[in-house]
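Here is a brief report on one chain. Please look over the sequence and the structure before reading on.

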Amino acid sequence: MHKKNMFASILVFFVGFASMAQSTTGAPPPPPPGPPPPGLPIDNGLIALFILALGYGVYKSYKLSQKKA
């Protein structure tokens, strides 16, 4: 039993030593590329959306002023 434990200890030591001994000799790898650009453009209907939201806001404020009066 003692020989098996000694063999396992030596094996773990040499495997760890061999894995630490391997290093890269060249330049480090380049950084990963950035994320791709999104596929949905928001420029096309942005002005129309703003105009609709402004019109809805005016409509709601008019309706609220009519309730109070």
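Of the 23 residues of α2, how many are buried? The number is zero, so helix α2 lies largely in the open. Bear in mind that this is a predicted model.

**Overall fold**

The protein chain has two helices and zero strands. Its 69 residues include 0% buried ones. The chain exposes about 7,200 Å². Carbon and sulfur atoms supply 73% of that area.

**Helices**

Helix α1 covers residues 2-21. Helix α2 covers residues 46-68, which is 23 residues. From its first C-alpha to its last, α2 reaches 33 Å. That is close to the 33 Å expected at 1.5 Å a residue.

**Nonpolar patch**

Met6, Ile10, Phe13, Phe14 and Phe17 make a nonpolar surface patch. The patch amounts to about 550 Å². One of its members, Phe17, is found in helix α1. An α-helix has 3.6 residues a turn, so residues three or four places apart point the same way.

| Residue | Relative accessible area | State |
|---|---|---|
| Phe13 | 53% | exposed |
| Phe17 | 54% | exposed |

The cut-off for exposed is over 50%, so Phe13 at 53% qualifies. Phe17 at 54% also passes it.

**Aromatic contact**

How many aromatic pairs does a search of the whole structure find? The search finds one. The rings of Phe13 and Phe14 have their centres 5.4 Å apart. Their planes stand at 65°, so the pair is edge-to-face. Both Phe13 and Phe14 belong to the nonpolar patch.

Definitions and conventions
Residues are numbered from 1 along each chain as its sequence is written. This is a predicted model: local features need pLDDT of at least 70, side-chain atom pairs count only at pLDDT 80 or more; totals for chains, interfaces and linings use all residues. Side-chain values use heavy atoms; hydrogens and water are left out. Patches are made of residues with over 30% relative accessible area and no salt bridge: like charges are joined within 9 Å, nonpolar side chains (Val, Leu, Ile, Met, Phe, Trp, Tyr) within 5 Å. Accessible areas come from the Shrake-Rupley method with a 1.4 Å probe; for residues, only the protein chains shown count as cover. A salt bridge is a side-chain nitrogen of Lys or Arg within 4 Å of a carboxyl oxygen of Asp or Glu. Helices (H or I, at least four residues) and strands (E, at least two) are DSSP runs, numbered from the N terminus. Buried means under 20% relative accessible area, exposed over 50%, partly exposed in between (1.4 Å probe, protein chains only). The expected span of a helix is 1.5 Å times one less than its number of residues. Rings of Phe, Tyr and Trp (its six-membered ring) pair if their centres lie within 6.5 Å; planes under 30 degrees apart count as stacked, over 60 as edge-to-face and the rest as tilted.
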